[in-house]
Amino acid sequence: MTAERMDYHEALLDAVRAGDLDLTGTLARKLHDADRKKILAAIRKFVSALPPDQAGSPAFTAAELAGLAGQATPAAATQWLVAMGRRRQRHSWYSLMPAESLDVLSGRDPAWLGELAHLLAAELDKGKGFGGGQRPINHLIRPLIRMSGCATPTNPGYAALWMVNSGGLGDLRAAPETATLLPIALEMEGAGAYIEGHDKGYVEGAEKHGSKDPANPSLPWKEKLVRLTESGELGRAVLIDLCVGRLLRGGRPYEVRCFRSLLESLRLTDDDIATRATDWARLAADADAPTASAAMGFLRRMVDAERPVDGDLLADASRDILARPEKALVRTHLVLLGRALDQDGYPPSELLPAVAVAFGHEDGAVQEQAWKIVARHLAAVDAAARTRIVEAVPALTPDLRDKVTADLGVAEPADEPYRETLPPISSPVRAAATPLTVAEVVQGVVAECAADSPDAAAWTEDSERILDGLVRVAHRDRAALTEALGTLTYPYDWTAQDEPPGAGVALVAKVLVGKVGIDELPALPRRLTDPPYRAMDGETIIRGVWQMRTWEVARRITTDMPPFLLATPSWSTGAVDADVLVDRLAAYARLNLPAGSADFDQALLRVRIPQGPDREQFVAAAAGLGTPEGARLADWFSGEGLQPVEEDDRLVLPVVRETFTDPFRRLGDKLGWSYDALELPRWVSTLPLLRGYVAAQSLWRGACSHHGEGGQWAGDLPLLVQADGSIGPCIEAVVAEGLARAGEAARPGVVEGLLQLVARGELDTVRCGAHLSQVNVPRLRPFTPPEVLDVLSEVARTGAYATVWGILLGALPGLLPEGRRPRQLGALLSLAVECASRCGETGSITGLDAVADSKGSSQTIKQARRLRDYLTRAAERVSS
Amino acid sequence: MTSTADGSLVGLETSGGRTARGTQAHPRFFSGFLTDPRIASAGLLAVADVAATRYYQPTLRNSLDPVVTGNGDRLRFESFSGCCGVYARLDVLRDGLDGGDIGHGTTNVDVNDPLRLALSRIAASDPLHLRVGPDELAVTTLDGPLVEKKVPLPQRWLRGFAEAQVIASAFELRAEVPGGDAVRFLRSLPTRGRVADLWVVPAGRTLRTTSRPAPGAVCLPGPARLAALERVLRHARALRLYGPAVTSGSAPVAGAWEVALPGMRLTVMLSPQVSRGFSGEGSVLESLATPEAETDADLISVLLAWEPRIDVGDLAVQAGLTTERVRAALAQLGTAGRVGYDAAEAAYFHRELPYRVGRTELHNPRLRDARALVGAGAVTVDGDTATVRSRDSVYLVNLSGKVMGCTCAWWAGHRGGRGPCKHVLAVRMTIRGDATDDC
């Protein structure tokens, strides 16, 4: 190396050290190819020696510039620039490359620069989002293209970036890239969402920020694109094809919407539409509902303009379109087919079998519309087509099918006797076994502590087993259990903040390991004694029962050490078998151990009172134990047990008032109302022998519910149905409340509960329907009550048509009077016809004549007439 | 893939794969027409839809290539969703293929936007020519440029393939309903808002959802994840549900939904929860390799020849092993994604992923952690209980029950529903005494 070049090196490194960007730029531009490697090595060494706080200093930036000059290939320069850009973006999104970067590069060969520009453009394909990438890099690409004179990159990422930065309409018209890059950008995922967002922002901010220059106005993108097609910079056919292609490809609704409205703005001519008939047919068959609707509009225009759509194509597409679930789309298409058939040129033999696909639609009104079209043109079809139509007839609802078979003159299919499809009766299952080893119990405690609910005092079915497991294992080997529980980390217990020291399984574990002292345990839950809570609402009492039980266990587990708990359920509902309780008390008697009062009270509420000849035996066995608990159990067995009594229109349990402890005895009185959500599983588990009582309490709570709680309790209806005791007179109203209030999450539970009750013969569906028509659910945000139509359709779909008919028979008289009509009454009436005709039921509905006789052509009136016709015919058939 | 109505060509570009003749750069193992082009393209799009969707945290983008396997008498297209919680497979059977020899091999297909568009456009009357593995350009239907996006299969996809087949091998047919009723049922499912875990039971001719599991029920967690089936629904001849045996107290489990189409089957398999991907299910870990099964697996893998249905009896005769050992060896091969399980035929099929899978289970994070625990000597076994010390915490693992349980929070959350936790694995390795050799 010559001395001159050595000096030059030193001068460049001095400029870098001094942080003189200007000088660095000037010197670096003249760097000799042979010296690049050496300079790069020197710069790397210099940068690694810089202290970390110098990362943004002028010296560092100068080093970056000199390093850029040291890159031998465009690929290496790209990596260097990407790293530079990333450092800047980390600092601030608005940062750019130093202005001298282009100076540094300007000494290079144009081909080298062109390759660099294309490589940087290719980096954009890796970015997320439309027109994204690195801002510092983005700003380099265009100047590099200019400097090198290379061809414009045509990768999607660059096209998107170009589109986002393309300026006003005048700029677009002047740019030579418009015709090439715009279509590429518009093909990219995200283009639609970008345009929608931009145009929405434009409408909001045009006044303030838009360009006022009439030659180069800033306009919404959709308008710019349409104007570009008018002035010819962008091909009209290209844009239309592109929009259609994007619609065919599908995507997110927001993305697709842009191309739909763009098509609308392009005002397609009849020729534009006619040349793309196949695409409209495919879109109408496969696309999302709004796009399908738009495509059907184009097909309709073709039919209206008497530009025939190919018959095969229309028939093929119609088969797909009429199989779609959306009622509005199917009806619109049926209108279109009706019009087409009225014109010449559409052979009915091809189209009518396609129309018959709509016979299988869920909605009766659609089926009727399809049949009317078929009936009008039936005379013109050939034998083969007629056979295909006849084959589709069984899909019709029976009342329409009867009419159609008569009109077609074919034999009515022999009806099989109707059988309601109901689920097998579900019975409670045996409760899972109590964990018996230290490790199993500790696993249970961890699960209880880590449960998703923030409420560690929460009760679940598992809690009962684990509580019993803790007692059993502590009785056997307390030291080992305490040691194992000591290894756990206990999460923060939020309930303890409200009511120290908390409750539940976690609390018992904490008492065992000494984290909570026994003297900290309260005598009664605070909410049952403190003034603001003294309303004695059911939720607080039921919750108090669990609190009291766990506190009692916490006290006794370290002192009396009972061998097990008396109240642990034998069944999933919570019920305890009589013999099990007698055996448990016998074991207590052998140990000479008194029963815990809360534990024994709960056991008595759960124990199944023996019936029949065994009863005396059980009474004798209990009495023979010779303990006070034995005597009490004998009394309990020989008495009437839990008998709810009506007081002031409310059910109460007087039997628990005297002999039970607090808070059990509070269940004897009328319960107050609560803001807390109704926890049906806990109610059932506390009182598993009193289905009717719990139903009455749920109803009272549900009926008083002013706030839309989404009817979550209703999802647990199957559990209530499985419990013991008479179901009581309230159940129809409870089910009606559940049907009217249950949100999406609770719906399967309500349907299951309803079907179980019907299968057991415990539900009067007509009464349930009458209650249903009276339930008034306010539409309060964010809770929207479910559509009863959806729930009933779901029940009908499973094959329980008679059940749904019963409910509608009860509900319709309350829904038909003017002013009380719900949304979608027409569809409810249509469902009623379908159910009644499928199960061959009949009946009379007050108020139906008034609706059917009124003038008009709404669905409500049409379907009311259809229902009346069916009922009249059915009544005639029964009487004949 | 060729749409010959206007003489234009669409090709399925393959990206290197394995065939019966060894690894090839551009394998070609099928060339022929499809019997029902509309339905086949809808099915293929459904598989591609799953690959392009995330059902959990849907804001993230996803774009991956379905894997295609030629099995001698059928073609299988398989994919996972981006969240790995949905597995889709389209089996094009012999009836669905019209002419053309079906070779053997596995590769992955790039279903890019132009191909998607071409498939969407196919009408019932257009003949559709499928050619898997051409040497020429990918797409020539459109005038516009072609965007090729090659995405390598991520580790979690590979783990997903292994897990899905282990889980599916416990499935049995639980319900079958005719096409019309299936459509009505699937369209009645809630798809919006917060949907609780559902269970599905047969009800007469159709199906019914319930909120609680019961014997014979199939779990349906996140019904919105069945959306991909919508594409083919109106061609459905029947819907078949597969799932493992459940009881009334079962936690959510995986289930498979198969739509029978003319000459084809589209199966969508759902993970037990929307937030759970198949890759993390850990069922592979349950059958952690014994040295014997590994040796057997090596032998069996040599004997496999892209069978559409692996006959365990035949294989046992060929290998000179008992059927039990062959089954264990197949399960072992499944953990490396080298065989799949077809619940419809209740049989394994041979598939070689076009990637170096190695032993997938080696990369499992839980297994790695377990090895670290064993390496650090954290495990003490004492009778029926083992103690695992990890940092400041101590965990107890009970060995007496049917399933080993642990006192860690992870176990508490899943109770064995996602395979063993790292502490249980560490204890098993210690008891077997082979853990350190495994590393």
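In which loop of chain A is the place of A:Pro663? A:Pro663 sits in the loop between helix H35 (655-659) and helix H36 (680-686) of chain A; helices (H or I, at least four residues) and strands (E, at least two) are DSSP runs, numbered from the N terminus. The model is predicted, and local features need pLDDT of at least 70. Residues are numbered from 1 along each chain as its sequence is written.

Most residues other than glycine have a negative phi, and most peptide bonds are trans. The peptide bond from A:Asp662 to A:Pro663, however, is cis, with omega near 0°.

Two loops hold a positive phi. A:Asp648, between strand E1 (645-647) and strand E2 (650-652) of chain A, has a phi near 50°. With 59% relative accessibility, A:Asp648 counts as exposed, a term for over 50% relative accessible area (1.4 Å probe, protein chains only). In chain B, the loop between strand E19 (339-342) and strand E20 (347-350) contains B:Ala346. The phi of B:Ala346 is likewise positive, near 50°, and this residue is exposed at 53% relative accessibility.

Contact, meaning heavy atoms within 4.5 Å, involves A:Ala578, A:Leu581, A:Val582 and A:Leu585 of H31(A), and A:Glu629, A:Gly630, A:Leu633 and A:Phe637 of H34(A).

Conventions: Chains are lettered from A and ligands numbered from 1 in the order in which they are written. This is a predicted model: local features need pLDDT of at least 70, side-chain atom pairs count only at pLDDT 80 or more; totals for chains, interfaces and linings use all residues. Side-chain values use heavy atoms; hydrogens and water are left out. Buried means under 20% relative accessible area, exposed over 50%, partly exposed in between (1.4 Å probe, protein chains only).
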